Each structure stands twice: as C-alpha cells, then as structure tokens.
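Subject: Handover of a structure for your review

Dear colleague,

Please find the structure below, together with its sequence. My notes on what was found in it follow directly after.

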Amino acid sequence: MIRTEELLLNVGPQHPSTHGVFRIVLKLDGEVIKEATPVMGYLHRGTEKLAEQLNYTQIIPYTDRMDYVSAMTNNYVLVHAVEKMMSIEVPERAEFMRLIVMELQRVASHLVWWGTYLLDIGAMSPFLYAFRDREVIIDLFNELCGARLTYNYMRVGGVKWDAPSGWIDKVRDFVPYMRKRLKEYDKLVSGNEIFLARIKGVGKYDAQTAIAYGLSGANLRCTGVNWDLRKQEPYSLYERFDFDVPLSFNGDCYDRYLLRIEEIVQSLRILEQAVEQFPSGGETMGKVPRVIRPPAGEVYARIESPRGEIGCYIVSKGKAEPYRLKFRRPSFVNLQILPELLVGQSMTNLITILGGVDIVVGEVDC
Amino acid sequence: MSDKPEETPITHATESSEHAEQVEQDNDYVTERTEQVEDTPQARLDRLVEQLKHDIAEGAVEEAVINEVNGHLPTITVKKGHWLAAAHWLQVNKDWSCDYLRNLAGVDLGDELEVVYHLISLQTRREIAVHVKTEREQPSIPSVTPLWPTANWNEREVYDLLGIDFPGHPDLRRIMMPDDWVGHPLRKDYDPSDSEV
Amino acid sequence: MNELIQQTLTWQNGLIFLGWAIVFLFIVLGFVTYAIYFERKVIGWMQFRHGPTRVGPLGLLQSVADVLKLLIKEDTIPQKADRTLFILAPIITFVPAFAVLAVIPYTPSLYFADLNVGLLYYAALSSLSTIGIILGGWASNNKYSLIGGMRSAAQMISYEIPLVISVVGVVMLSGGLSLRRIVEGQGSNFWEWNLLPQIIGFVVFMIAAVSELNRTPFDLPEAESELVAGYHVEYSGFRFAFFMLAEYVYVFAIASLTTVLFLGGWHPPLAILDFIPGLLWFMLKFVCVVFFLFWLRATMPRIRVDQLMSFGWKVLLPLALINIFVTAAYIELVVK
C-alpha cells in the first residue's frame, strides 16, 4: 500500500512572496493545498492604541506607516474624518493638491503592485521598469514634502506644503510619459502566453462571495460590482472630473490585473484634468483652530484607496486626542477571502492569488 | 450579474467606458434611488425603529439618532439579546438589504463595551450604523460571521484587543497579539507597562 | 589526444590526462566567471541598470570576488540534515556536468575524446545530475528544498525525453552518434547546417534544453517566489558554489552542444568566410546561444508546474516524434 502524508508548510513570516511579514500555514498534499491558515500580527504596532494618546496632527505620521505604499490616501482618510467632525472648509487649492497627490499615489501604488506581481509570477524585468517609473512620482513627492515614502503631507484643514514653482508642470509632463510607458508594459507583459496561462481563471469568485467577504477596490470590481467610492460616495473634488470606473466580470486574477492597469489609465485622466483646472492662487490651509478638538460624537469616513475602501472611525469626547480611532484597512478585510480561494489550488497558485489580492502587510497588521 | 460579456472587458480606456455604460444597465447593484418627499433621514429612521419594534421585539432598539456630521447617518443602538435577529432582519429586509458590512469596531466606553457595525446596501445604497453594548465583566455579543463572513477577522480583532467574546464565531482566536498574550490592549484600563513589553 | 586514449593507460598517460583536465577545468571556471558577469551585465542593461561596476575595471572582477566570498564562507550543515548525502549531493551534481564536456569537439583538431556514442554519453551523464539535485533537496531536511528537489526530478525526467528524441533527426541525417561526425556532416554554408532541415528538432531541443538547465521560464525547482530557493535553500559557501558552478557548466555544455548539433560547429555561415579560424566561429555561435539563454531570463515569467508537465508531454514529445517521422520520410524519399 502506498501511504501518503500531508505536509505542513509554513509560508512566511520570512518569505519573498508574502510581501512583508505575513505567514500562511499550509496543509499540502503533494503540491495541492488542503487547508490554509493565515497568521498575522507580526507587524502589529498598535497604531489605534497609540493614537489614543496623541493629538490628531500627531497621528498623521502613523497613518503613513499603515499602507506605506499608498501613504497619501491614508493621510487623507484621517484628516477627512476630522474635517467631517468639525465641519471644516478646505480651500480649493489645498483640495486640488490633495487630489493630485492621491491620484499620483494611486498610480505609484498600482505600479508597485504590477512590478511585484510579475516578480511573483517569475518575471524579473517588469519589477525594475515599474520601480523606475514609480521613482518619477516619488521624486515629485520628495520635491513637494521632502519624503519619499512616509509623507506626512496632509493636515486637518489643508496641506502642509504648497506646490513648489514648476511642480504642477512636472505633473503635467508626467501624464503623457506614463501613458507611453503603459503601452510599453502592455506590449511586454499583457499578451505573454505564459503570464496569461498563469493568471487566467485563477482565484475566481463571484459577486455574492465578494460582497459577503466585504471585498473592495479591484477585488470587488473584478466581479462586476460597480463600487468605486470616488463615484458612488464622492469625496474631495472627484465629482468635477470625468473618469470611468473600469469593471470586469470574470472575477479571476487576470481581471484584477487588467483592472489595476486600467485604473492607472483613469488616474492619469483625472490628473490631466486636475492639472488643467488647478487654481492659480489661494490658500493651502483653511481656518482651523489652534488646537484641534472635534466635538463629542463619532464619525466614519471612507475613501477609495488603491487597495479598496479605507475607512476611519473616530469616537471623540471633545478632547484633543481621539477617544477611539479605528481604521478599516482594505488589505486586512480583502485578505479574509484568501483561505477560501486557496483550498484545492497548487502551491504555485498560492503566490498568484495572494499577489492578486494586493495586500500591504503594514496595513493588514496596522 | 446575469449577462456576462464573453470577452474580458478591460483592455482599453474606450472599451471600458462602453462597458461601464453597459454595466449601468446590467448591474442590479446600482439602481436609481427613488427620492420620495417624506423620505428624510429622520422619517426613515423612525420607520426603521417602528419596524424593528414590530418585527423583533418592543425593546430591541435602545436608542436611535441621526449622526448629522457623518452625512446624516442613521445610528441605532440595539439590545444585545436582539442583535442577531435584528442583524438578520437588516440583511433580508427589502428596504434595507444591508449586504455589505463595511466596518466593525469595538469601543471601550468605560463602564461598558460596545461594538459598532457600519452596514450598507450596495443595492439601495442605504447606510446604517448599529451600536451593540455589552457589560464590562464577561462581555459577549453574538457573532455575525454567519451573516457577513467579513466579520470573521474583524471580530477576532475585537476579541483580541478588547476581549469581547463572540458566541457563534467559527474560530475565535487572537489575531494581532501573540496567542499567549495577557490582557486586551485597547481597553482603557490596560496597563501598557506590561512585563512582556 | 586521440592517440593517447587509444594507448594503454600508463602513469604517464594518466598524468597527461589529469593535467589536461585541470587546464580545462580552469578554462571552464574562467568561462563560468565571465558568463555570470556577462549575464548580470546583459540583464542589467535590459532592465535599465548598470550591472556590476565596482569590483575591478568595469566590474570585471565581481564574479571573482563572489567566488572568493563563497569559498571563505563558513561551511554550514543543518543539524537535522543527512550529513553524508548533504555533502555528496553537490559533487554528484557537478561531476557529470564537467564530464560531459569531454566529448564536445571545438574545432576539427581541438577535442578531448571522439566517442562513437558521444551524444548518448552526453545524455546519459547529464541526467545523473538530477540525482544530485534530488539528494540535495532531500538531505537538507527542509520542506522547501524537498519540494524543489521533487519538482526538479519530475521536470528533468520529463524534458530529458524530448531533448534526446529531438536530436534523433540530426543523428539520422549524419548517420552516427559521434559529435565530431555530426559537425563534419554539416557544410560551410548556413543552409547546410542542421538548423534549417531540422528546424522542428531545433526548437524542441532549445526549449527542452532551457528546461534541463532549470532556467527561466522553466526555473521551477528554484522558483524563488514560491520555494525561496528550491533545492539549494540550505546550502551555503562552497557547496552552494558547486551547485551554481554545475548550473553554469551546463550552460557551457548545452550552448556547445547546440552549436555542434544544429549550428554547424566550427563551420562558417558562408563558404567565402572560410578564412576565419573555425574556433572563432564556434565561439561566436556559442556566445549567441548563451546570450539567448540570458535574454530569456530577462523577459519571461515562470511557467506553472502542471503546465510545464503538460507542455513537455503533450506538445514537445509529439513534436519531437513527428520530427523523426518527417526526417525518416525525407531520407527515404529524397536522399535515397
């Protein structure tokens, strides 16, 4: 009699494809996954607990470190929640600056995803191309706020720094540059037979499952659910711009891949319009009290981050520090579907599916 | 989601916009909201409370307010004992059909603990925040994971950081802190100068 | 050399063989050193990077420094590993890689052994390396390396078959297994090479060869994104260097073999270019094949293991068989 044994395999916490210190315990039969148990918390820094001792301006740098690939949107969700609570008017110029950096950030974030995803699939070059182009955005941010990754750029009521002279023109030049690059990427990767064979039909789920698991972002839209908070619950100035929400219906990794590429295209459209309409003058900070003390109450603010719906739930008791601050982190919520998707898949597909969900472990663990 | 295009739609910007239009027609998750005259947030909330009192129990809803700053978000406080029935009601009721649990947060209120659920219906786009309070000693709130699978890890997080038990949860373990951690860090009386730190 | 091999083995002859082997080992080591440098440079340029630039002029000594580092590193053997097999595995992998080079003719006069079963010798010995890889994966007592080793076994066995069958056409055309004879059977114009008449065989051979080399897109045994490093995950220092060395020596061997079998060996592409020495032609073709392998690495993603298997058995093997039939029909109908 042939006797086979199940193999218990620890993927992570140190593993090249878990994108950080994330661990999955796999029960393998050969290379087929029988059971997958994600284990996290290795990067848990207690942001929510720390925030209870800090005033709102001091919390902003902590949001940078949650989803460190998309720090600008994290900044925004916090200041947006506080502004909602205090009904603060943000000057138009500041709001434009925010919108431009958020869309640049979305492009940068998707580029990181694109590069690392292909690296997971085994192609090395796209990673370097993506990082080269992301570098242009990072340089723009660096010029704006002196940081490359953790920007600490937004403030309650506005933004910390106005655009330096010529900065807006650089953003304007970036749009056609990136479009040209995207075409190159498409030629290099999107039609590659091996790549398509690896991702088509892998990690499939339907709209009902996606909604039940609370997925958001491209993970939800790949099943055909038209849910982009920029359109559905507009915040900032998104109502002023003309852009589409790309949708697809197959719900597999290939669709998520195409959606994210298409979202870069749409972000570039928004950027193009935002740069054209950018006000020539105006303040970058609204009228904000010296000490930010939101009135007692609670608020849940949410925006569309590159990874999905990022939310910020604040309970205030009228003090300068939040009584309770809770972040709804899209990576954390989206990741829940992973064990469901993995059962019956091969070890290789684990990487394809995990990469396709697009997580940032700093955000999963918070 | 009945009509699925045969080809994968997203290849170029122009195509995608066509598909977006197509989806507006096909997608039953986005339907036009019919605005009625008496459909103010307060009127809707009152109606909801009435229905809940009628369908669940007289004392099911402890408090119902409109959260003005949060875009007139109807906010109700449901009694712990009636929460599971109310959650199910909110999920299946035609008016609300809250199929999407967008946020689940635990709060330490000092003398008691509470869990706040932010629900939304992707079909009617109605939103609601539900508070469920529980006592500080041996806190427990029925799990909604069977209704919304997304509550799974969120409840584990609340259990881990606030120590609220969720009976009915399939796999209630610590998620952020190590398994042998003592105490629940997000509680206000938690001593951060723990020996392990 | 050939006469020496014919004579009875004396101490003197043995020492001459040993001396030549050592000289050749250093040539191969030199090749490996600069193949790695070349690979890093080429891929660097393809990815808008510089590649190595720091150690020595233009970074030329980078690989030397890397090898030196590997040699002076602490030799670690995991406590739970099977010591004997763990030590043996890199040697078992490397020795066949070096041994196969004996039968490759570089020019009409420069070769080591003209075996009449040269091709068979190559195929037989090169599959021995698989054993070393499986042993290494198993002896490490690590799950990742075990999976890597098993994958490697499956892959090597699956692709060995189309690799060998794809060259049967060449053997039929030249009427012998001696590699020297195969080159001599090809002419001094590129259309007289085996490349065009055996184009199906060539394509199958190249694909199977890339797979045999465990290089992208078939680098599953060491797929770093899934298996961290595959079968050599627990190896470090000079034992790891042996695995790397074996890999690059196989690059040398496969590139030489491709040149010999399909690209006309030392023959020039056009008869009027005959004045250029054959060795240069050989090296030029050889470098082109090596470049092709590196180029693939910069462009291709990795194939999945089930796709790899079905591709090998369902596509490559039938193609290779068809090639044999077509060649047989050609010989029967046209040549005779």
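Within chain A, a network of salt bridges links Glu103(A), Arg106(A), Arg221(A), Asp228(A), Arg230(A), Glu263(A) and Glu304(A). Please bear in mind throughout that this is a predicted model. Over all chains, the salt bridges number 49.

Individual salt bridges

Arg181(A) and Asp133(A) form a salt bridge through their side chains, with an N to O distance of 3.5 Å. Arg181(A) belongs to helix H6 (residues 167-190) of chain A and Asp133(A) to helix H5 (residues 125-145) of chain A, so this pair ties together parts that are 48 residues apart in sequence. Arg181(A) and Asp133(A) are both buried.

In chain C, a salt bridge joins Arg215(C) to Glu39(C), and the closest N and O atoms are 2.4 Å apart. Because Arg215(C) sits in the loop between helix H10 (199-212) and H11 of chain C, while Glu39(C) is in helix H2 of chain C, the pair ties together parts that are 176 residues apart in sequence. Here too, both Arg215(C) and Glu39(C) are buried.

Glu309(A) lies in strand E7 (residues 308-316) of chain A, and Arg102(B) in strand E3 of chain B. Are these two residues buried or exposed? Glu309(A) has a relative accessibility of 1% and therefore counts as buried, the cut-off being under 20%. Arg102(B) also has a relative accessibility of 1%, so Arg102(B) counts as buried as well.

The surroundings of Arg102(B) include residues of both chains. Strand E3, in which Arg102(B) lies, spans residues 100-108 of chain B. Leaving out residues up to four places away in sequence, Arg102(B) touches Trp227(A), Leu229(A), Glu233(A), Tyr300(A), Arg302(A), Glu309(A) and Arg328(A), together with His118(B), Ile120(B) and Glu127(B).

How the chains meet

Two pairs of chains are in contact, and the pair with the most contacts is chains A and B. Chain B and chain C are joined by no contact, and their closest C-alpha atoms lie 21 Å apart.

Between chain A and chain B, 59 residues of chain A are in contact with 57 residues of chain B. About 5,000 Å² is buried between these two chains, and carbon and sulfur atoms give 57% of this area. Ile211(A), Phe249(A) and Glu298(A) contribute 14% of the area that chain A buries against chain B, more than any other three residues. The count of salt bridges between chain A and chain B is six, and 23 residue pairs are in polar contact. Helix H11 (residues 253-277) of chain A provides seven residues, the largest share of the side of chain A that touches chain B. That side has 29 nonpolar, 14 polar and 16 charged residues.

Between chain C and chain A, 26 residues of chain C are in contact with 33 residues of chain A. The buried area is about 2,500 Å², with 58% given by carbon and sulfur atoms. There are zero salt bridges between chain C and chain A, whereas 10 residue pairs are in polar contact. On the side of chain C that touches chain A, at least two residues each come from helix H2 (11-46), helix H7 (143-166), helix H11 (224-227), helix H13 (278-299) and helix H14 (305-335) of chain C. The residues of this side comprise 13 nonpolar, five polar and eight charged.

A buried leucine and the cysteines

Leu99(A) is placed in helix H4 (residues 92-121) of chain A. With a relative accessible area of 0%, Leu99(A) is buried. Apart from neighbours within four places in sequence, Leu99(A) is in contact with Ser236(A), Leu237(A), Tyr238(A), Phe241(A), Ile270(A) and Ala274(A). The C-alpha atoms of Leu99(A) and Met72(A) are separated by 9.5 Å, these residues being 27 apart along the chain.

How many disulfides are there over all chains? The count is zero. As for individual cysteines, Cys145(A) counts as buried at 14% relative accessibility, whereas Cys288(C) is partly exposed, with a relative accessible area of 49%.

Yours sincerely

How values were computed. Residues numbered from 1 in each chain as written. Chains lettered and ligands numbered in written order. Predicted model: local features only at pLDDT ≥ 70, side-chain atom pairs only at ≥ 80, totals over all residues. Heavy atoms only, no water. Contact = heavy atoms within 4.5 Å. Disulfide = S-S within 2.5 Å. Buried < 20%, exposed > 50% of the residue type's maximum accessible area, 1.4 Å probe, protein only. Buried area = accessible area lost by both parts, 1.4 Å probe. Salt bridge = Lys/Arg side-chain N within 4 Å of Asp/Glu carboxyl O. Polar contact = N/O pair within 3.5 Å; in protein donor to acceptor, adjacent residues only side chain to side chain. Helix = DSSP H or I, 4+ residues; strand = E, 2+ residues; numbered from the N terminus. Nonpolar A, V, L, I, M, F, W, Y, C, P; charged D, E, K, R; others polar.
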